[in-house]
Amino acid sequence: MKLVRYGTPGREKPGMLDAEGRIRDLSKIVPDIAGEALSPKSLNKLRKLKPEKLPLVRGMPRLGPCVGQVGNFIAIGLNYSDHAAEQGLQPPKEPIIFNKAPSCICGPNDDTLIPKGETKLDYECELAIVIGSRARYLAKDEAMDAVAGYCLANDVSERAFQIERGGQWTKGKSAETFGPLGPWLVTKDEIPEPQRLDVWLTVNGEMRQKSNTSYLIFGIAHLVWYCSQFFVLEPGDVIATGTPGGVALFIKPEPKFLKAGDVVTLGIQGLGEQRQRIVKFKE
Amino acid sequence: MKLVRYGAPGREKPGMLDGEGRIRDLSKIVPDIAGAVLTPSGLAKLRKLDAKKLPLVRGKPRIGACIGKVGNFIAVGFNYVDHAAESGVPLPKEPLIFNKAPSCICGPNDDTMIPKDSTKLDYECELGVVIGSRARYLAENQAMDVVAGYCLANDVSERVFQHGRGGQMTKGKGCETFGPLGPWLVTKDEIRDPQQLKIWSAVNGEIRQNSNTRNMVFGVAHIVWYCSQFFVMEPGDVILTGTPPGVGLGIKPEPKFLKAGDVVTLGVEGLGEQRQKIVKFNK
């Protein structure tokens, strides 16, 4: 299934795509695409629905982030062999984990707001995992059971805030609009091989990232298993699994950071596309 | 006011203390001590109530974390002048910000469970700040307006996971039971000066930390202002403001980490006390 949330920011309604790719209103069935609605039991209920019998959503409403009420927005650093190579780094021995503030989550096509004091705005196309069941200290063969599905994400970053402002990365990863998720939460049955998906990103039409999830250093199951050893995962938690080579920071001979007016498009095979316009800081 | 959440884990009800320190049931007035209830208008409604007219909660129910639905669990590192010294790090030029997983939040007297494969479990008594209004890019003189109140916290940590497992501190800060909050959310009007509070902790009755929030490098107002420059904060977000020297890791000549059976007690003046028993890992 492809689940969506549509409508104005903060008032999104749940929906699902029908066979023609049109949005059907799910708001009489579930309150949101969030929490318990992502459990295996709930997804099975949704799967039994006939989309053509659900109300058709007319027009072209704004798409919101495809998961609501994200409790923990987790991200993995340095997880593609080509991204490690472009930095001249050895692949890490174990996953590097950090957080993005849940308040940075936004729709897949919402404008990216340049933060106050920004100098090095950057993009990162990523495959994100959406957790569907509470997960703690999983055994390795239990990991995929906890996964509800996947979505496309842009781990928008401010590199000076991330690296030059003392210690931890969270400051450069969490600004308003730094977490576009969607357009769709695609349930895992539709993505039998999450580690064979094309990943790409362009700026103003110029290809910047072009890779495949086969270059992931630590795969989906490993990441879910690993995270569950360090903190309890809850339904609706999102894990962005890393980005391939081609980010602005490491372009040779000079970095090419984003500026107001730029348009970023990105996509992952089977998960749709995003499009963000970069806009100036506004108080 | 002193607001509480009481009852079984995951099913806590909202309450407030009356003039005699007994719990009064607020569940017919508000759904939880969370979100919109923490806004100035939400708290104003509660302040108008006559506690004696609310149902008395009998017996001694478990006290849960004093805030529900925490969206972002933020923490500041190395924020006491001599804690940086005992850890062998220079004083930060600006606040060092990291996150604890919201799923680690628990009641003030719940057992602390040693994580799987943990070897260096540690305690950190901290003053917690609870956000009551949406906050983005605050001016310095607006910072205290967004604070709903304060609570006592223990920033429980696993030092190997935090420092010795590659990259960010996240892994050592978010384990299950690593975030006791409470016993009370004390509204800010009851704390005349958050920078003049005694702060202490003990293990098996032996005092380990014994300081005052006047030793903070960056004060509450500065931290709230600063965080709002990097991410949007929402009502219910919690910021832990750092810990004084005396943590297990800093003890000379040898660090003294926690082991099963130890009892940790801690307090901040005006915010009550916590007590956790350390228990073995249990899947």
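Tutor: Let's begin with a term: a salt bridge is a side-chain nitrogen of Lys or Arg within 4 Å of a carboxyl oxygen of Asp or Glu. This is a predicted model, where local features need pLDDT of at least 70, side-chain atom pairs count only at pLDDT 80 or more, and totals for chains, interfaces and linings use all residues. Residues are numbered from 1 along each chain as its sequence is written, chains are lettered from A and ligands numbered from 1 in the order in which they are written, and side-chain values use heavy atoms, without hydrogens and water.

Student: OK, how many salt bridges over all chains?
Tutor: The whole structure has 48.

Student: Which residue does Glu124(A) meet in a salt bridge?
Tutor: Arg159(A), at 2.8 Å from N to O. Glu124(A) sits in the loop between strand E8 (121-122) and strand E9 (125-131) of chain A, and Arg159(A) in helix H3 (residues 159-163), so the pair ties together parts 35 residues apart in sequence. Helices (H or I, at least four residues) and strands (E, at least two) are DSSP runs, numbered from the N terminus.

Student: Are Glu124(A) and Arg159(A) buried or exposed?
Tutor: Both are buried. Buried means under 20% relative accessible area, exposed over 50%, and partly exposed in between (1.4 Å probe, protein chains only). Glu124(A) and Arg159(A) also belong to a network of salt bridges, with Lys100(A), Asp122(A), Asp155(A) and Lys173(A).

Student: What does Asp110(A) pair with?
Tutor: Arg62(A), in a salt bridge with the closest N and O atoms 2.9 Å apart. Asp110(A) is in the loop between strand E6 (105-106) and strand E7 (112-113) of chain A, and Arg62(A) in the loop between helix H1 (40-48) and strand E4 (73-77), so this pair links parts 48 residues apart in sequence. Asp110(A) is buried at 17% relative accessible area. Arg62(A) is partly exposed at 22%.

Student: And in chain B, what does Arg62(B) meet?
Tutor: Asp110(B), in a salt bridge of 2.8 Å, N to O. Arg62(B) is partly exposed at 23% relative accessibility, while Asp110(B) is buried at 18%.

Student: Switching topic. How much do chain B and chain A bury between them?
Tutor: About 3300 Å², with 49% of it on carbon and sulfur atoms. Buried area is the accessible area (1.4 Å probe) that two parts lose on being put together, summed over both. Tyr137(B), Gln168(B) and Phe230(B) supply 22% of what chain B buries against chain A, more than any other three residues.

Student: How many residues does the contact take from each chain?
Tutor: Chain B gives 36 and chain A gives 39. Contact means heavy atoms within 4.5 Å.

Student: How many salt bridges are there between chain B and chain A?
Tutor: Five. One salt bridge joins Glu94(A) and Arg165(B), at 2.8 Å from N to O. Strand E5 (residues 96-99) gives the most to the side of chain B that touches chain A, with four residues.

Student: Now helix H1 of chain B. Which residues are buried?
Tutor: In H1(B), residues 40-47, they are Gly42(B), Leu43(B) and Leu46(B). They cover an arc of only 90° around the axis, which puts them on the same side of H1(B). The arc is that of the directions from the helix axis to the C-beta atoms.

Student: What is on the other side of H1(B)?
Tutor: Pro40(B), Ser41(B) and Lys45(B), which are exposed.

Student: What covers the buried residues of H1(B)?
Tutor: The cover includes strands E1 (2-6), E2 (13-17), E10 (147-154) and E13 (185-187) of chain B.

Student: What order does the open sheet of five strands have?
Tutor: In chain B the order is E7-E18-E17-E14-E15, with mixed pairing. Strands E7 (112-113) and E15 (206-212) of chain B stand at the edges, each with a single partner strand, so one side of each is left without a neighbour in the sheet. Two strands pair if DSSP finds at least two bridges between them.

Student: In which sense do E17 and E18 of chain B pair?
Tutor: Antiparallel, over five bridges. Leu266(B) stands opposite Gln274(B) in E18(B).

Student: Where does Glu269(B) lie?
Tutor: In the loop between E17 and E18 of chain B. Glu269(B) is partly exposed, at 37% relative accessible area.
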